[in-house]
Amino acid sequence: MLIDKVGMVRRTEVLVCGSGSAGVFAGTWLARYNIPFIILEQRPGPMEIGQADGVQCRTVEIYESFGLSEEVLREAYHILEVCFWGDDGEENGKGIERKSRTMDTENGLSHMPHVILNQARMNGLMLGEMERLSRGREGQGVEYGWVVKSVEVDEGKTKDPGAYCCKVVAEKDGEEEVWEAKYVLGCDGAHSTVRRSLGYTMRGDTTDTIWGVMDIYPLTNFPDIRRKCTIHSQSGNILIIPREGGSLTRFYIQLPVGSRAKDVKLTDLQSSAKKIFHPYTMDFADTYWWSAYSIGQRLATEYHKDYRVFLTGDACHTHSPKAGQGMNVSLQDGYNIGWKLASVLLHIAPPSLLRTYVVERSKTAADLIAFDREFAHKFSTKEEKEGDFVHFFVKSGRYTAGFTAQYEDSEITDVGTSTQELASACTVGMRFPSAQVIRFCDCKAMQLQRVLQSNGKWRVVVFAGDIRTWSHKQRLEKLASSLDSLVQRFTPSGEDIDSLIEPILVLRSRFLETEQAEIPDIFWPVTGKWRMRDLHKVYIDDKHYNSGHGYAYEKYGVDPQAGAVMIVRPDQYISKVTALEDLDGITRFFARCFIERGNTDEVHDRVGSIRSAAHNEGVASILPVR
């Protein structure tokens, strides 16, 4: 699929302005679905030095879903502990002392750690995945050196789903070109041209507090220089973030009252740091990068224009960097919008799906700003009583790990009719947590969340209890029959039966007493180029030979006698929790998410081109390209 040129106008289905975290994530989804897209990037090449470095547990989980977590974990610094330092409390004290220490992330919150890895490397890994999926296809990828000048929407054409109603003017090497697209993503940062072109502004405030940040090679006798630390002293405050590689360390330094960001020099940061670390010595072998800024928290007045142009990342929310949320929230904006755009463009889902991006991510951004305002205030001000900041830090652990986003009721999040108590440790609208299970076909102990790869599939995760119990088996067989009808109703013609909706079975049976022949066919369907049975969809919650018992049912809050069904979106968020007997409820849910097979001829043409591309590359025939 090529970019069309109409006269002097270049045309593509999705034009992404900016190749930062949000843009690259959206592009990777579009490449996976084989949607024509172009990313216009002002830089002459890929990002070389990124300012962000904190990587939430949730973000590492997302990288795992793209098959990239091993690289992240191998290269990153792992934050396992946080130390809190303050003045020694004496009237003529000697300086700072360690007050307390705690684990960085509470036990059981995630199977992935909180890590530090430079944004340039994080983006590079995802950019590599995007390029791998594109495999050199013309009409997909990043074009560097383009400065976006303006964005317009032809409001008279927005109701036509096939209209190229967005016009973008961009300049490269002094020459302007005009682009037309069905959709535009504004991923172009805090000074977004896309946002300004639409007439939208940023609302919020900027404080008088000035902070400096520097990546340095420290020469010091401070004992916790390779631990994440907060230091509150009479001379100022510092946040220490050890960096990957074993030598580099980042300091966030609160500067004296009256400082102005534009007047700050590197020597000012170094002088402040030396005073704060007293009585420990602090010198600097080298400085890799530094900057100074005033803290501000702002939100865009709007997140979209006619649901054809969408703002993401810093283009619609800005905040301080100390809580380590910026890169994470931005890339999760792209992670949210990418699969939705692809689903609409392939006519899998109606255009109304795109409204959920605005509802979900604007709330997430508002929550981020509220948290950042409180975090920045508590970090910058003196404690009313010793330990207040430590208490706040521990209390905020779930937020900083990335696990508090909760999406509200919508066409793809069914809070209202869910039976939440059937999976009491899970929450509809939040990310699907993980627990150890045993893959039945090969006895491999693994994390269940790892099964939910970011390949565009919806999952129906069935907790069916003990298949050796007659009532449980009978209940499962009725559900399996209903699921078989359901997936055939919505799966595009000629595609594998699990290409859009993938049933996953989790049993609470004894591993050694279970036989494959007892499993309904829908959980081991015939798929792929070789038309083989796919045996990788059945898991058992039992004791493993080497890895112990995962107790997944307990961790999910599922009673084996009652069982539960969880519908999980392509981005690993829980859409619905219900009973195995709720056959009609499951069907009604998907009926409002999808365009029924046969309702349009174009979906067959578009999906057919994907299937052809997949076969030409020697991979299984699936909806998104793997």
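**View 1. Confidence along the predicted chain.** The protein has a mean pLDDT of 91, and 93% of its residues reach 70 or more. Over residues 607-622, however, the pLDDT is below 50. This stretch still has 31 contacts in the model beyond near neighbours in sequence. Where pLDDT is low, predicted coordinates should not be read in detail.

View 2. The strands are arranged in the order 4-8-5, and their pairing is antiparallel. Strand 4 (54-55) and strand 5 (77-79) are at the edges. Each of these two has a single partner strand, so one of its sides is left without a neighbour in the sheet. Strand 8 covers residues 114-116, and two bridges join it to strand 4 in the antiparallel sense. Within this pairing, V55 has V115 of strand 8 as its bridge partner. In general, the strands of a sheet pair through backbone hydrogen bonds.

**View 3. The surroundings of T230.** T230 belongs to strand 14, which spans residues 228-233. The relative accessible area of T230 is 2%, which is under the 20% cut-off, so the residue counts as buried. Leaving aside residues up to four places away in sequence, T230 touches C83, F84, W85, I238, L239, F379 and F389.

**View 4. The annotated span 406-596.** An unreviewed UniProt entry annotates residues 406-596 as "domain: Phenol hydroxylase-like C-terminal dimerisation". In the model, 19% of this span is helix and 23% is strand. The C-alpha atoms at the ends of residues 406-596 are 28 Å apart.

Definitions and conventions. Residues numbered from 1 in each chain as written. Predicted model: local features only at pLDDT ≥ 70, side-chain atom pairs only at ≥ 80, totals over all residues. Heavy atoms only, no water. Helix = DSSP H or I, 4+ residues; strand = E, 2+ residues; numbered from the N terminus. Buried < 20%, exposed > 50% of the residue type's maximum accessible area, 1.4 Å probe, protein only. Contact = heavy atoms within 4.5 Å. UniProt positions renumbered as here; feature names shortened; annotations may be inferred. pLDDT = per-residue confidence, 0-100. Pairing = 2+ DSSP bridges.
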